[in-house]
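My notebook is open and I have a few things to look up. Here is what I am working with.

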Amino acid sequence: RRPQIADSTDTIGSHATADLNLGVGLSWNFNWVNFKNRRVKVTRSTYGFSLGTALGLSKVSLNASNTSFADTPLVADESGLALTGAIGGGLNLQYFSFTLFLAYDLPLTDNVRKWNYYQKPYLGIGLGVNLSTFGALVN
């Protein structure tokens, strides 16, 4: 989610975007597993927390509205490329994880420097599922 920003003559409201980005993440997970022995079946519950970092490539969609603070705003829509770095933490519940990230974009193309959100950190969310869950459900 991008925060609201303003200068002396204009205000840009906050907005959220959804794009498919390419990246890699590394996390440290601290989990606790509890087993309850029932007469017929053993149940297992898992919970914990994680800390992590991520690095990736992001497509930045640029237009006249989100470059309005630049000295020469764009007239036509363009796309740019940025390197995104993030740190975050989250909760692990059973086979799912919910993460909050603090992220920052570094421009890889010159037109991203005109972006109103250039050099501004933002919050991101992550949702995850343990893929081994699908195999465990079948067995």
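I began with asparagine 66, which is found in the loop between β4 and β5 (78-93). Strands here are DSSP runs (E, at least two residues), numbered from the N terminus. The model is predicted, so local features need pLDDT of at least 70 and side-chain atom pairs count only at pLDDT 80 or more, while totals for chains, interfaces and linings use all residues. Residues are numbered from 1 along each chain as its sequence is written, and side-chain values use heavy atoms, with hydrogens and water left out.

Is asparagine 66 buried or exposed? I found it buried, because its relative accessibility is 11% (buried means under 20% relative accessible area, exposed over 50%, partly exposed in between, with a 1.4 Å probe and protein chains only). Not counting residues up to four places away in sequence, asparagine 66 touches Ser61, Lys114, Trp115 and Asn116 (contact means heavy atoms within 4.5 Å).

Next I looked up arginine 44, which lies in strand β4 (residues 42-62). Arginine 44 is partly exposed, with a relative accessible area of 44%. Between arginine 44 and valine 33 I noted 11 residues in sequence and 6.9 Å in space, C-alpha to C-alpha.

Then I turned to the sheet. Its 5 strands form an open sheet in the order β3-β4-β5-β6-β7, with antiparallel pairing (two strands pair if DSSP finds at least two bridges between them). β3 (22-37) and β7 (122-129) each have a single partner strand, so one side of each has no neighbour in the sheet. Strand β6 (residues 96-107) pairs with β7 over 8 bridges, and leucine 100 has isoleucine 125 in β7 as its bridge partner.

Definitions and conventions. Helix = DSSP H or I, 4+ residues; strand = E, 2+ residues; numbered from the N terminus.
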